[in-house]
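Subject: Structure for you to look at

Hello,

Here is the structure I said I would pass on. Please open it first, then read the notes below it.

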Amino acid sequence: MASFLPLAPATTLINRPSSIRSNTSTSLSCFPRPLFSIHRSFEKGKHGSPCKARKSDDEQGINQDDGKLDRRNMLIGLGAGGLYGATSLGLGTNPFATAVPIPAPDLKTCVRTTEDMKGLNCCPPSTEIINFELPEVKTLRTRPAAHTVDQKYIENYKTAIELMKNLPEDDPRNFWNQAQVHCAYCEGAYYYASNDCDGTKEEIQVHSSWLFYPFHRWYLYFYERILAKLIKDPNFALPFWNWDGKDGMYLPPIFEEGRSSSPLFDHYRNAKHRKKKFVLDLNYNCTDSGKTDEEIKEDNLCTMHRQMYSASTGKDLRLFFGHPYRKGDKPSPGAGNIERIPHNNVHIWTGDPDWVREDMGNLYSAARDPIFFAHHANVDRMWYLWKKELHCKDISQDDWLKAEFLFYNENKQLVRVNVEQSLDTDKLGYKYDDDVDIEWMSNKYKPKARKSLNKAKPNVSRFPVKLDSKASVKVQRASLKRPANEKAERAEVLLIEGIEFPGNQAVKFDVYVNDDADTESGPCNSEFAGSFVHVPHRHSHTIKTNMTLGITDLLQDLEAEDDSHVVVTLVPRYGKGPITIGDVKIEL
């Protein structure tokens, strides 16, 4: 039977288990050297409520009504996902895998995540699996904002984490073993048979696809239930890091109080950013901007407005959830808006740059920092608010709904869950504090156009292109002069495809449309379309992914709806050089 590596509980740098400590050299750079080389597949043989006005729930490439692919997309590119699946994006999807969900991993076949088999072991023990049953809910637990909790809550939370850290090393509920759950699902420990005929296997990856939200919701659910049982308080609920509100745009004090004497403290955080009232920058470029605190907060709220509203217009659910990821697809087909920013950038901002961005700054180690769960509680809250406040609806296709995961519950039982069971937080027994102000919903923070007359000049005429400096390209529009009802039915999207880079690199580039040639727009300008951000993995395999940005409102703000072409500019911020761009296009 597979087992965890022995992991001695620790709260300090000195007694952190050596078996889970990075064996990499210290790096002050945002661009660490490659750590490992690994093959990623095994083969035998080869404003207001933008969603409220919807008349139906179908979206481009992800059709809610019948679970089938949009016929128009099928004509353009066959394969799992059609135009929006990985085949048409050059990621080698198995065309016979259409509408088959990603299965739960087989823990007996879990592998170490390094080629020489001497490195990281994230594998949990394998035991009998039971199917999850929704609990009987009498009272909803309320997840509070971390900066608002009282001392009694803090002491209960500390006690729960301390008890979790002191569980036996072979207990799957142990703090370090719970951290390994995230490592296994994001570092290539799990594979499944993607082709039953020739034995081809593909990695299970829960980032950069439509599995991102449901996997992390389940992860937090079981983690929360374990803590609740340890302190014998069934109403205990995790706090959320309210980085989308001005009062929460700091490292929450509860994770810094007492420093190394507190079970909530983690040494591998950015020392500069842990200073009291150091403002979190959701647009962090690996160096602090030099702007005033109030300027950063205003930029953050504009960023949140853009990320949430542009993913709520025109029914293209890729914009919020990420790209479809079905059996046979290559991993990481493309992240949704919130996963890229703020999720990824908060990881980078929090992690310690002196240790190759551990803990939060590297996906394999991120869950070793208790703040990970507060961060992801707010990510989960964005899904909650996207439906509750923006009146948007979930995907209804079975190849998403029936995707499965395995977790250990509070009773040390291995439980099989699926996406469909996670959709209603009331049925899972929790909600978020509704008294917390949602500032980014105000039209005050809607990005406004500068409408520069000195537009950037195209300097790229063909792809692929290596993104080692600013690159501008003239891109043809998909359709002109669309009526309002058509815009509501189908978003115009900017697709940047074939984004290729080493997986162990921190990567960020910004995207602008019709921007000024000399002075780049900021987050509160409509010309700023969004950012691509990647949190490093421990291994160095090449990632090939895609980015989809909703630009329907942006084009209207820029008064460019009648233009046959726009100029798209990509500006690398960190990870320069290793990034290759396959193509840039606009489509409906």
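Helix α8 covers residues 371–388, which is 18 residues, and spans 25 Å from its first C-alpha to its last, close to the 26 Å expected at 1.5 Å a residue. Helices here are DSSP runs of H or I with at least four residues, strands are runs of E with at least two, and both are numbered from the N terminus. The expected span is 1.5 Å times one less than the number of residues.

Before going on, note that this is a predicted model: local features need pLDDT of at least 70, side-chain atom pairs count only at pLDDT 80 or more, and totals for chains, interfaces and linings use all residues. Residues are numbered from 1 along each chain as its sequence is written, and side-chain values use heavy atoms, with hydrogens and water left out.

Of the 18 residues of α8, 16 are buried, so the helix is largely enclosed by the rest of the structure. Buried means under 20% relative accessible area, exposed means over 50%, and partly exposed is in between (1.4 Å probe, protein chains only). Phe 373 is found in α8, and counts as buried at 1% relative accessibility. Leaving out residues up to four places away in sequence, Phe 373 touches Tyr 219, Leu 220, Tyr 223, Leu 238, Pro 239 and Ala 367; contact means heavy atoms within 4.5 Å.

Helix α5 (residues 293–309) has 17 residues and reaches 24 Å between its first and last C-alpha, close to the 24 Å expected at 1.5 Å a residue. Here 13 of the 17 residues are buried, so α5 is also largely enclosed by the rest of the structure.

Next, the cores. A nonpolar core is a set of buried Ala, Val, Leu, Ile, Met, Phe, Trp, Tyr and Cys residues joined through side-chain atoms within 4.5 Å. In the largest one, of 124 residues, Tyr 157, Phe 321 and Phe 405 touch the most other members. Helix α4 (residues 212–230) gives the most to this core, with 13 residues. Apart from it lies another core, of 31 residues, among them Val 507, Phe 532, Val 566 and Leu 570.

Phe 321 has contacts with residues including Trp 210, Tyr 213, Trp 383, Trp 386 and Trp 400, not counting residues up to four places away in sequence.

Regards
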